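Morning, everyone. Please have a look at the model on the screen, and then I'll walk you through it.

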Amino acid sequence: MNDTATIRLLDSVRCPHCWTRFAPVDARFVAESPALLGDARLGDSEPLRFAPSRFDASGAAIDPEGGRCRRPACPRCHCEIPRAGLELATIPISIVGAPGAGKSTLLASMSWSVRRDAPRLGESFMDSEPWFNRSLHRDERGLFGRAVSLPDKTEVGGDRHYRISVVDGREETVPRPLIFTWHRRAEGRLVLLYDNAGEHYLPGADRHAVAATRHLGHCRAAMVVLDPLQDRRFLAAMPSETSQVRSAHERLDADSRQDLVVAEFAARFRDLRGMSATAVSDIPIEVVVTKADLWAGELLGDDLATEPWQPRAASAGDDGIEIDQRRVEEISTRLAGLVRRHMPETAALLERLSNRVVHCPHSALGGPPGALGEAAKPRWAAVPMLQAMRLGDGAAW
Amino acid sequence: MVIVEVVHTSAPHGLHDRHGGFTVVAATRGATAPVIDAIATLSAYTFPPLQTTPPILWSLRRLRAGSGTWSVLSRIGACGTDHTGRRNRIAHHLALDEEARRLAEPADWLAGHPFLVEWDGPPRELEPPMIPGPATGPPEHWEEELGDRRWIDAIGTRLDLLRGSCVTVLLPGGTDPQRVAAAVLRRRETAAAWSIGFSTRPERSSGDDGVRLRLLSEDDVTWPRASIRPGPATIDLRGRPACPEPAEPAEPSRTAVRRETVASDASRPRPVEPPPPLQPVPQPDPPPMVPADADGNVPEAMVEYVDRRHGLRVAVATFLLSILVGVASTAVLDRTGLLGFLP
């Protein structure tokens with residue numbers, strides 16, 4: 001059978017950058033001919049985006065100079081989208097947290113672990129097109145490869161995480177999501193992860209920040225990342241024998257308030273979705289509490305040293321696994337109690353925002369920040385992502 | 001006259017906010033928050049891998065903020081680690097309104113203003129900066145940054161020839177883009193110099209940042225090499241090529257005066273190569289070069305346009321030829337008297 005004959009395009013596609021809905025037939029293509037450099041919307045260092053009228057037998061668009069082009073782009077903002085975006089339904093997931101909460105480290109640790117564990121779960125999770133996730137690859141190499149370095153702070157501007165497109169004479173800052181293809185039960189989904197700088201969620205952030213977080217209006221799941229080391233009450237409850245906790249006590253800023261970041265997130269979430277002040281959304285919100293190696297044993301009664309997997313019933317004879325849902329739910333319930341006790345205002349805000357709030361502990365490295373490379377032993381690193389994808393896809397956890 | 005300085009870095013506290021992270025730690029006293037915020041958006045920086053030296057980014061960009069248009073000179077560089085232990089960078093911006101731009105040239109600010117390379121201490125307000133005097137300017141030896149000072153002329157000429165386009169100069173390793181930029185801008189009148197925005201990064205910072213000159217250093221590993229394509233708007237100096245004879249700029253500037261001095265130097269080696277890089281490059285057929293409108297739409301059947309136009313030429317030529325043949329035939333028939341036999 002001819003492989004190209006099996007491609008089934010979606011009826012309509014939503015741009016993962018500017019959220020415009022368009023038919024696949026209206027997609028622009030990125031010119032490949034060297035002479036066609038310069039795009040009216042993205043600037044003179046970007047190749048031209050054009051509406052193709054000629055294609056070759058393999059379906060590649062032919063640009064005005066004869067180049068074969070395979071990279072589609074949004075007709076409105078001209079940002080490139082993966083070819084799989086024309087075929088697969090998407091699950092946009094927003095990642096929210098205060099500056100320094102560890103969102104980028106969490107992301108790198110999660111994606112690294114899900115790639116590794118998904119095959120045993122009977123799933124696959126891979127870069128849709130590696131080029132889109134190159135900044136994440138760098139962070140992954142830093143955490144688990146030979147580069148041994150923590151991810152750099154996420155910038156509030158620049159081209160690594162955002163793009164500027166001039167649409168209708170107006171500048172728009174659009175985010176660059178991390179894009180993955182997730183296959184489960186013979187179905188594929190495009191998973192979009194939006195990692196903003198924590199500064200974008202600070203109350204009073206400027207208009208550029210607000211524009212860069214418009215994905216909150218479209219996400220199908222949101223991860224709220226809470227750093228227990230940034231909360232005085234949570235920190236006080238933690239065992240203080242580790243140097244990390246002791247130095248956190250010394251560094252802790254009395255003015256640091258993660259609840260204000262969550263409040264800003266909730267306000268933008270309501271605003272962008274047109275929700276009333278009292279409405280409760282059914283979009284799932286996953287509260288991820290980081291650095292669990294420091295506190296989970298003491299405060300949760302489970303040090304998370306073992307992953308929540310159990311042998312898959314239908315895969316006798318191989319090493320297939322499935323998620324131990326009972327354990328995950330139990331830990332979620334205990335953690336919810338912990339958050340309610342130590343961060344009551346944050347818990348209340350989120351429970352008023354969504355009727356599907358779940359909790360998950362996470363340890364990106366399984367140890368102090370210096371435990372990188374081979375010394376890194378993440379705990380429950382894949383769980384938040386697997387949970388968010390399932391919840392976002394509408395599947396019951 | 002308004003000059004606003006903004007220093008943006010990662011710190012435990014900002015000047016106007018109490019939360020840590022990337023924040024404005026210093027700004028000129030009296031500057032309004034929207035203007036400061038808008039200037040601070042120009043602070044993005046990409047760190048190279050750990051083993052390589054972090055580049056220093058310099059730029060002169062246009063920014064619309066508040067009620068006016070600002071010219072923003074920026075220096076952004078790495079500066080150790082921040083309070084969370086992660087790599088930090090510091091962006092120091094100097095934004096000038098129209099009136100302030102008349103008082104000094106960008107080259108003078110680039111050479112004479114003390115741009116900060118690190119920040120230590122609490123956030124604070126800054127007094128308005130000292131305006132560099134006429135004696136403050138780029139040192140003479142900055143002209144030699146590219147080895148041959150005629151390259152500075154050549155870059156200026158290319159900017160004149162390619163009006164409305166952005167010229168990209170690929171600099172050899174060990175070159176300081178700040179000095180090259182200052183030397184190029186120094187040769188223009190004040191107003192003209194401010195109108196030539198430059199940047200040491202390939203991407204734009206806003207839709208209309210006014211950048212017409214990109215100086216990309218071989219030492220900076222963070223810019224994507226694939227985004228640069230050869231063409232008339234690219235000058236590749238990475239191999240330190242010999243400088244060809246400069247062509248005349250489109251209009252007189254300070255370059256002309258200085259070039260005269262250079263030209264009178266008998267010891268100057270004559271260029272071996274003819275000057276193709278400095279000549280206006282013949283434009284190819286317009287449709288393929290300007291194929292899309294602002295929406296990216298290729299005009300209807302754009303890709304068939306060249307063929308169609310060719311066909312049109314053939315049709316017109318055939319039509320004219322047939323008229324010519326008809327007239328000639330009629331004349332011959334008339335002369336031979338055979339015309340009368342025709343019905």
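One term before we start: two residues are in contact if their C-beta atoms, placed from the backbone, lie within 7 Å. Also, keep in mind that this is a predicted model.

Which residues is I91(A) then in contact with? They are R189(A), V191(A), L192(A), R220(A), M389(A), G392(A) and D393(A). I91(A) sits in strand 10 of chain A, residues 89-97. Is I91(A) buried or exposed? The cut-off for buried is 20 or more other C-beta atoms within 10 Å. I91(A) has 22 C-beta neighbours inside 10 Å, so it counts as buried. One more distance here. L193(A) is 102 residues from I91(A) along the chain, yet their C-alpha atoms are separated by 8.5 Å.

Next, helix 1 of chain A. It covers residues 103-117, 15 residues in total. From first C-alpha to last it reaches 21 Å, close to the 21 Å expected at 1.5 Å a residue. Of those 15 residues, 13 are buried, so helix 1 is largely enclosed by the rest of the structure.

Now step back to the domains. The assignment for chain A gives domain 1 as 3-85 and domain 2 as 88-392. Their C-alpha centres lie 31 Å apart. Where they touch, 14 residues of domain 1 are in contact with 20 residues of domain 2. What is the domain 1 side made of? Eight nonpolar residues, three polar and three charged.

That's my tour. Over to you.

Methods:
Residues numbered from 1 in each chain as written. Chains lettered and ligands numbered in written order. Predicted model: local features only at pLDDT ≥ 70, side-chain atom pairs only at ≥ 80, totals over all residues. Domains from an automatic or database assignment. Nonpolar A, V, L, I, M, F, W, Y, C, P; charged D, E, K, R; others polar. Helix = DSSP H or I, 4+ residues; strand = E, 2+ residues; numbered from the N terminus. Expected span 1.5 Å × (residues − 1). Buried ≥ 20, exposed ≤ 12 C-beta atoms within 10 Å, placed from the backbone. Lists of a residue's contacts leave out its neighbours within four places in sequence.
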